[in-house]
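Me: Hi! Could you walk me through this structure? I'd like to start with the ligand.

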Amino acid sequence: MILVTGANGRPGSAVVREFARHGTPVRALVRNPEKADDLRALPGVDVVDGDMLWPETLESALAGVDRVLVISNAGPEMLETQCTFIDAATRAGVGHIVKFSGKDSVEGFDNEKFRSSRSHEQIQRYLFASGTPWTVLQPSQFMQVYFEEVPDIVRSGELRLPLGDTTMAPIDIDDIGEIAYAVLTTPGHEGRTYAMTGPEALTMAEVAGHISDAIGRPVRYCDVTSEDKQRAWLEAGYPPPRASAFAQLFQERSRLGRSTVDLTTHEYFGIEPTTFAEFARRNADVFRGATDYSVTPA
Ligand SMILES: NC(=O)c1ccc[n+]([C@@H]2O[C@H](COP(=O)([O-])OP(=O)(O)OC[C@H]3O[C@@H](n4cnc5c(N)ncnc54)[C@H](OP(=O)(O)O)[C@@H]3O)[C@@H](O)[C@H]2O)c1
């Protein structure tokens, strides 16, 4: 049996949907079963509840599991959550742990400088030392993070980010879902790290152009200071540590300036990379503000 954790979240639900699309049975771990009706409606998906921080809640979720995909939020608790879960999975005799990590596409990015990327490095080292066969997935920024800019796009026709002319190479979560599915269902991935980005390094003016084409309304990139963006994140209800971590992250991306595209993983698995234009067209109603982004679309 294959277990996917973080199954109510963005990447986790995309991986579970990919299993359902192929008709391959999968177990999906959620900590909030009330939010899991969409997952439960998918064919072949066995939804189980448990908290990755509390091993005593994971016994039935981990029973009979050969492979597991480990995903949880990028917040301050990620290190403890995932190391605790790796211990529980190893004790339960899981044969292969696939860790969902991340890798910024901006050239020269130092993982040790930021809590989330530093935590991923620490968890990876913990996993390597666990003795359980492992694989690491390292996607770049998700295309879906641009949904967070929908309120500005709808209100003022502006994509307001503190990135100047910096390029980013975001990846569609659905591409990651296809890659994760291949890693979890075929042999030969132990001891390997798969980095992946989207197919283009785009300035924010280009991202705004693609959104504009998709929704049929003008959308203009507006370069704002990281202080202004941090204030906007706080006003939008982001917790202060998250708003300040994002502001520092964007400052660093802006300072470094240029992203590298890495399609070696897409090519290795024979997966066609989704362009931002295709992604924006597919989600035009979300960018118009006409429908909310759902992690488990029908
Ligand atoms: N955002 C990006 O651009 C990006 C790029 C590359 C990599 N990543 C990485 O992707 C990962 C997922 O991030 P995300 O923001 O996409 O997260 P997300 O959508 O919020 O998904 C995380 C899921 O993990 C679940 N979870 C967290 N703690 C748990 C626990 N103790 N027990 C059981 N389930 C738990 C959450 O459950 P609830 O639904 O109950 O909260 C949530 O469904 C992070 O490691 C992040 O660093 C992100």
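Reply: Happy to! An oxygen atom of the ligand is 3.0 Å from a polar backbone atom of Gly9, a polar contact (N or O atoms within 3.5 Å). This is a predicted model, where local features need pLDDT of at least 70 and side-chain atom pairs count only at pLDDT 80 or more, while totals for chains, interfaces and linings use all residues. Residues are numbered from 1 along each chain as its sequence is written, and side-chain values use heavy atoms, leaving out hydrogens and water.

Me: What lies 2.9 Å from an oxygen atom of the ligand?

Reply: That is a backbone N or O atom of Phe142. For Ser72, a polar backbone atom is 3.2 Å from a ligand oxygen.

Me: How much of the ligand's accessible area does the protein cover?

Reply: The protein covers 85% of the 910 Å² that the ligand has on its own (Shrake-Rupley method, 1.4 Å probe).

Me: Which residues come nearest to the ligand?

Reply: Arg10, Asp51, Met52, Asn73 and His120, out of 27 residues around the ligand (a heavy atom within 4 Å).

Me: And which helices supply at least two residues each to that shell?

Reply: Helix 1 (10-22), helix 4 (78-91) and helix 5 (115-129); helices here are DSSP runs of H or I with at least four residues, and strands are E runs of at least two, numbered from the N terminus.

Me: Switching topic, what order do the strands of the sheet have?

Reply: The open sheet of 7 strands runs 3-2-1-4-5-6-9, with parallel pairing (strands pair if DSSP finds at least two bridges between them). At the edges, strand 3 (45-49) and strand 9 (192-196) each pair on one side only.

Me: How many bridges join strand 2 to strand 3?

Reply: There are 5, with strand 2 covering residues 26-30. Within that stretch, Arg27 stands opposite Asp46 of strand 3.

Notes: A polar contact is a pair of N or O atoms within 3.5 Å; within protein, one must be able to donate a hydrogen and the other to accept it, and residues adjacent in sequence count only if both atoms are side-chain atoms.
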